[in-house]
Amino acid sequence: MDPHPDLTSGVVFGLGWFYLILFAMNACWVVRSYKQDGEMHLFGIEVPKASFWALYAALLGMVSIAHFTGSSQPDAFLIRMPEIFKDYADLTIGNSKLGPVLFFAGSIVGFVLMIVLREILVVPTVGWVLLNGSLLLLGLSMTDYDFRQIVAKPDNVPIVAMLFIVGYTTWLYFARAVDNDRRVKEGRPLYEEEHQEKILVWPDLVYSELVCMLVITAVLVAWGIALDAPLEEPANAAKTPNPSKAPWYFLGLQEMLVYYDPWLAGVVFPSVILGGLMAIPYIDYNKKGNGYYCFEDRWFAVSTFLFGFLPLWVAMIILGTFLRGPNWNIFGFYEYWDVHKLEVLNNVNLSEYFWLTLMGGAMPKVDPSAGAATQAVQILVREWLGIVLTLGYLVVLPPVMAATVCRRMFHRMGFLRFMVFSNLMLLMLALPIKMVLRWAFNLKYIVAVPEWFFNI
Amino acid sequence: MSIGDYIRSSQIWKSIFRHPAPVDRRNRIVVMLTNFFLHLHPVSIKSQGIALSYTWCMGGITFFLFLVETITGVLLMFYYRPTLEWAYHDIMALRDVTTLGIMREIHRWGAHAMVITVWLHMYRVFLTGSYKPPREFNWVVGVLLLVLTLLLSFTGYLLPWDQLAIWAITVGSNMARATPFLGHEGPGFQLLNLGGFDLITKGSDARFLLLGAREVGEATLNRFYILHCVAIPLVVATLIAIHFWRVRKDGGISQPL
């Protein structure tokens with residue numbers, strides 16, 4: 001018997017429930033569509049658009065029944081993720097050179113498309129199609145043994161739930177924002193302005209709070225009964241797991257360790273993130289968008305925040321949780337986590353590029369027995385290019401920005417506020433910049449001073 | 001006279017609730033002003049300010065989850081012993097044999113949920129521009145609460161004392177080793193020395209402060225237990241009080257005054 005079966009009776013049966021829920025969701029959608037979507041012409045007759053959803057829902061119902069009846073013979077069961085798709089996904093995402101590039105570039109492309117195509121995205125039918133698409137992809141992927149090993153790990157279940165909730169809230173935001181942007185353009189009052197009448201907190205708010213508390217309690221109890229909370233073998237300091245991962249909400253930071261040393265990725269950048277978050281209200285001088293959803297009135301602030309939250313935080317958590325396996329190598333969604341997977345990456349420091357490749361000479365020596373001052377001078381000589389570039393990026397670039405592209409911003413913000421703002425922006429972009437440098441040039445450190453644990 | 005009327009007209013009932021049931025407009029206002037738990041709220045509110053599609057209710061859910069974590073956490077403290085000998089054993093027993101051992105499942109899942117809802121709360125507050133004047137400072141308090149929520153979750157991660165726990169904490173706390181100036185593998189730690197002796201060593205740096213030892217061990221378990229059950233919750237409770245008070249003083253959850 002296959003020790004790693006793609007399908008077992010339990011999995012097929014569970015997926016039967018999954019498709020049954022999907023069927024029920026779409027049955028409700030049929031009703032909504034019948035009431036709201038109207039009709040279309042097909043071969044000369046009027047057909048309600050809902051009939052297509054009805055067909056789709058019926059198909060889901062049949063798929064569900066097929067799962068329930070087919071669960072006795074999982075090996076012969078046909079509805080599963082095609083091998084060719086899995087192989088292709090693993091070859092691209094699981095490739096150590098290509099994988100991170102594809103993943104990050106893909107999340108950026110998705111992010112840009114989301115903003116550019118927001119007017120299409122917020123059409124309810126489009127949102128529903130996206131939700132169904134992602135659920136079907138998840139359901140089909142669950143027919144893979146290795147995918148299940150990662151996604152169904154107790155600690156990772158909340159992350160999957162979070163992805164759908166973040167997706168939904170983001171969609172909801174754009175739906176409200178696009179609506180308000182249209183109202184502004186047409187000179188109509190904002191949605192929020194139309195709902196300013198005062199109502200009593202008892203009963204309207206107090207009762208909804210009570211209902212909310214009951215629902216959350218029920219969800220938690222059901223969750224606690226259905227799924228055992230994470231608990232592994234007893235602690236053993238002699239047995240290091242591979243990979244060793246931080247708690248899931250810190251995996252974005254752990255992913256940064258690939259590109260930056262711990263003092264930056266683990267200490268300085270988290271502090272900057274928190275400081276930057278606290279600084280937001282003092283930097284954002286835009287008075288518009290206070291207390292209502294909108295995009296166009298504050299597109300820059302919203303895009304920046306969404307960029308930090310979606311591709312740089314949530315997507316990094318996905319990458320760290322689902323795609324980083326033993327030795328922090330990248331693995332495809334359907335790939336076996338092989339401890340012996342080899343990743344040959346020969347990364348080179350900027351100073352080595354300069355002295356060895358460009359100048360064709362030898363690296364300047366740093367005498368470890370010399371005094372601190374002598375060493376500092378020798379290190380300065382060796383690393384001058386990286387130090388100049390780093391200082392240029394953080395010290396010279398902000399004034400240049402203030403004098404050129406950000407002149408209007410600089411005048412409205414004033415000196416101190418602009419300097420804080422520009423440095424926060426540059427530090428936020430430092431991660432993508434280092435990623436691109438690593439992928440394109442195998443660059444290890446821009447400034448490498450291992451003598452003092454000071455590597456950038 | 002019905003039994004309900006009899007109870008409601010008794011001296012005991014009237015000493016607790018100083019007004020008739022909130023069934024008419026006047027008493028619906030009075031109940032908000034006289035009830036300790038309800039006076040957190042204003043008496044009346046703009047209808048869009050409580051619409052679910054506007055608020056997502058994430059701040060409220062986060063607070064409720066904090067209460068759930070407190071209640072289940074206190075119950076767990078009656079049972080769980082933070083020692084190397086018993087910690088894992090007690091968690092296993094909670095899962096397999098203890099009556100109401102489901103408290104541990106709820107506590108753990110609730111903690112995960114709280115991390116997510118606190119992010120989404122921040123997400124909503126940002127997207128509605130609710131950090132803008134006059135609510136700048138409350139946003140700062142909120143960011144502090146976000147950090148403390150993550151720290152609560154992080155310190156709680158260690159307590160089951162399983163493989164997941166000690167290695168996640170090892171990976172997380174290894175970062176402290178690299179703290180500039182204060183970590184024994186951080187840049188600039190050599191600058192802190194007295195007469196050639198390093199002040200920052202493996203036994204005195206930021207990581208040691210966090211773990212109470214050179215490696216994750218019993219001292220760490222004790223330290224994280226106190227942080228998780230007493231120290232951080234006290235700070236969080238204080239900041240939550242300030243956070244809510246400021247919401248009222250700044251004129252509701254959003255919109256200019």
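This tour moves through chain B and its interface with chain A, one selection at a time.

The model is predicted, so local features need pLDDT of at least 70 and side-chain atom pairs count only at pLDDT 80 or more, while totals for chains, interfaces and linings use all residues. Residues are numbered from 1 along each chain as its sequence is written, chains are lettered from A in the order in which they are written, and side-chain values use heavy atoms, without hydrogens and water.

**The interface**

Select chains A and B together. Here 88 residues of chain B are in contact with 90 residues of chain A (heavy atoms within 4.5 Å). The area buried between the two chains is about 8,200 Å², and carbon and sulfur atoms give 72% of that area; buried area is the accessible area (1.4 Å probe) that two parts lose on being put together, summed over both.

Next, select B:Trp109, B:Trp119 and B:Tyr123, which supply 10% of the area that chain B buries against chain A, more than any other three residues.

**Salt bridges**

Now display B:Lys132 and A:Asp284. They form a salt bridge whose closest N and O atoms are 3.5 Å apart (the rule requires a side-chain nitrogen of Lys or Arg within 4 Å of a carboxyl oxygen of Asp or Glu). Two salt bridges are found across this interface.

Finally, select B:Tyr6, in helix H1 of chain B (helices are DSSP runs of H or I, at least four residues, numbered from the N terminus). B:Tyr6 counts as exposed because its relative accessibility is 55%, and exposed means over 50% relative accessible area (1.4 Å probe, protein chains only).

Definitions and conventions
Helices (H or I, at least four residues) and strands (E, at least two) are DSSP runs, numbered from the N terminus. Buried means under 20% relative accessible area, exposed over 50%, partly exposed in between (1.4 Å probe, protein chains only).
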